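Okay, thanks for having me, everyone. Let me put the structure up, and then we'll walk through a few parts of it.

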Amino acid sequence: MTTALASHTTPEVRSLLGDALLHELSHGLGGPYHVLFPERFDACAAAFRAVFAEAGVDGQVYFAKKANKAAVYVERAAVAGLGVDVASHGELREALAAGVRGEDLVVTGPAKADDLLRVAVLQGALIAVDALDELDRLIVLAAGLGRRARVLLRRLPAEQPHSRFGLDDGELAAALRRCVDGPVDMEGFSFHLSGYDVRQRTDLAAESIGWCTEARALGLRADRISVGGGFAVDYVDAEDWRRFEESSRPEHFHAGKSFGGFYPYHSPVAGADALRTILAAAPSGSGEGTTLAELLRSAGVTLLVEPGRALLDQAGFTVFRVQGVKDRDGYAVLTVDGSSLSLSEQWFDSEFLPDPVLVPGGAGPVADAGPYPACVGAATCLESDMLTWRKIPFPVRPAVGDLLVYLNTAGYQMDSNESPFHELPLPPKVVVEPSGSRFRWRLDRHPH
């Protein structure tokens with residue numbers, strides 16, 4: 001049998017799991033739903049800011065809005081004075097509507113449309129330029145508006161030479177020359193790395209400081225760099241993850257399903273601690289153990305970070321109702337009132353691995369003691385529409401009317417891959433906050 005992968009959680013979440021509110025919401029909303037905890041978002045943002053303060057580094061945190069469409073997180077970012085990373089006209093519009101100031105936005109993404117660039121220039125947003133032709137369009141557009149564009153030049157990391165994003169060294173040099181005479185305030189450089197290697201981020205940040213020095217020699221401002229996101233979240237215990245990796249076999253998954261790979265659901269260095277590690281590390285070739293924090297302070301360079309998942313750690317979960325239990329050879333197939341499109345890891349030919357928590361419905365006889373292995377299918381007519389292919393070792397036999405709560409899903413899982421397939425409505429988002437000894441809730445204000 002597959003090993004259990006119990007999710008890390010919080011006292012607030014554990015209290016809510018035992019509260020009748022979850023079943024009331026399932027009944028009242030008539031289907032699956034997402035629960036949001038804005039106070040956890042606040043705490044994660046405060047942790048990142050505390051790391052900058054500890055290191056004596058001038059830094060700014062931008063929330064990567066693509067990680068979750070909910071309005072409440074952007075609203076909290078606006079109140080806290082965080083920046084927001086947007087990559088579309090719609091995301092920019094939503095951020096401004098939530099109260100985020102234009103100068104606190106960074107606009108990323110490839111080959112940005114002129115409509116997006118126009119609003120970004122007018123609002124004074126920072127624009128991460130991805131290509132020379134994009135820079136040329138931006139210069140023409142800013143000149144036509146009689147405004148100056150705030151620009152970061154996005155670097156193509158040598159570690160990812162086949163990436164479709166960013167400017168190589170030759171293109172960077174050409175871009176700098178064009179920035180000298182154009183209506184552009186060239187504020188620095190940015191990069192994004194796949195994966196969660198803190199050493200690569202430290203080294204590339206140090207290289208970017210060197211590029212700032214070269215840009216300043218041309219008379220450009222160049223006083224900030226963005227290392228993007230890539231701050232891991234630690235979902236499960238190290239020992240559970242080790243046992244899963246060592247023992248996982250095709251027969252532990254429904255129909256012998258196999259995957260190309262999984263997110264590293266255990267990470268020993270995660271969230272704000274990853275930023276702390278990056279700043280405290282000495283970049284390769286820095287000499288005498290000079291840390292990245294020391295290099296930033298010496299060069300007068302501000303460090304920008306754009307976490308998404310890491311600001312949403314424990315900031316939400318997803319609830320489905322069991323509406324069918326079908327026994328198979330040694331395990332069960334559960335059917336729930338939604339689809340796998342509400343857990344977006346399927347988008348990457350992968351699976352959201354932490355075990356869902358079974359919340360009994362309270363009716364009927366006491367269930368037989370487990371472990372009782374079961375996979376989780378969706379209420380659609382597709383063989384591939386599985387929320388969980390892995391045979392979860394539930395503590396008791398699930399029953400119709402029980403709830404399955406997938407914990408810690410706010411980061412990318414809730415709506416990156418959503419679709420009203422079969423005319424099923426998209427799961428609503430419910431903001432839940434403690435109120436004395438009870439919880440109070442409201443629907444999130446994001447227009448679906």
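When I say helix, I mean a DSSP run of H or I with at least four residues, while strands are E runs of at least two, both numbered from the N terminus. Quick note: this is a predicted model, where local features need pLDDT of at least 70, side-chain atom pairs count only at pLDDT 80 or more, and totals for chains, interfaces and linings use all residues. Residues are numbered from 1 along each chain as its sequence is written, and side-chain values use heavy atoms, with hydrogens and water left out.

Back to α5. Glu91, Leu92 and Ala95 are buried there, meaning under 20% relative accessible area with a 1.4 Å probe, protein chains only. Looking down the axis of α5, the buried residues sit within an arc of 100°, so they line one face of the helix; the arc is taken from the directions from the helix axis to the C-beta atoms. And what do the buried residues of α5 pack against? That would be α4 (71–80), β3 (83–86), β4 (105–107) and α6 (114–123), with contact meaning heavy atoms within 4.5 Å.

Now, the cores. A nonpolar core is a set of buried Ala, Val, Leu, Ile, Met, Phe, Trp, Tyr and Cys residues joined through side-chain atoms within 4.5 Å. The largest one has 83 residues, and Tyr73, Leu153, Met186, Phe189 and Leu279 touch the most other members. There's also a second, separate core of 34 residues, including Ala232, Tyr331, Leu343 and Leu404.

Methods:
Buried means under 20% relative accessible area, exposed over 50%, partly exposed in between (1.4 Å probe, protein chains only).
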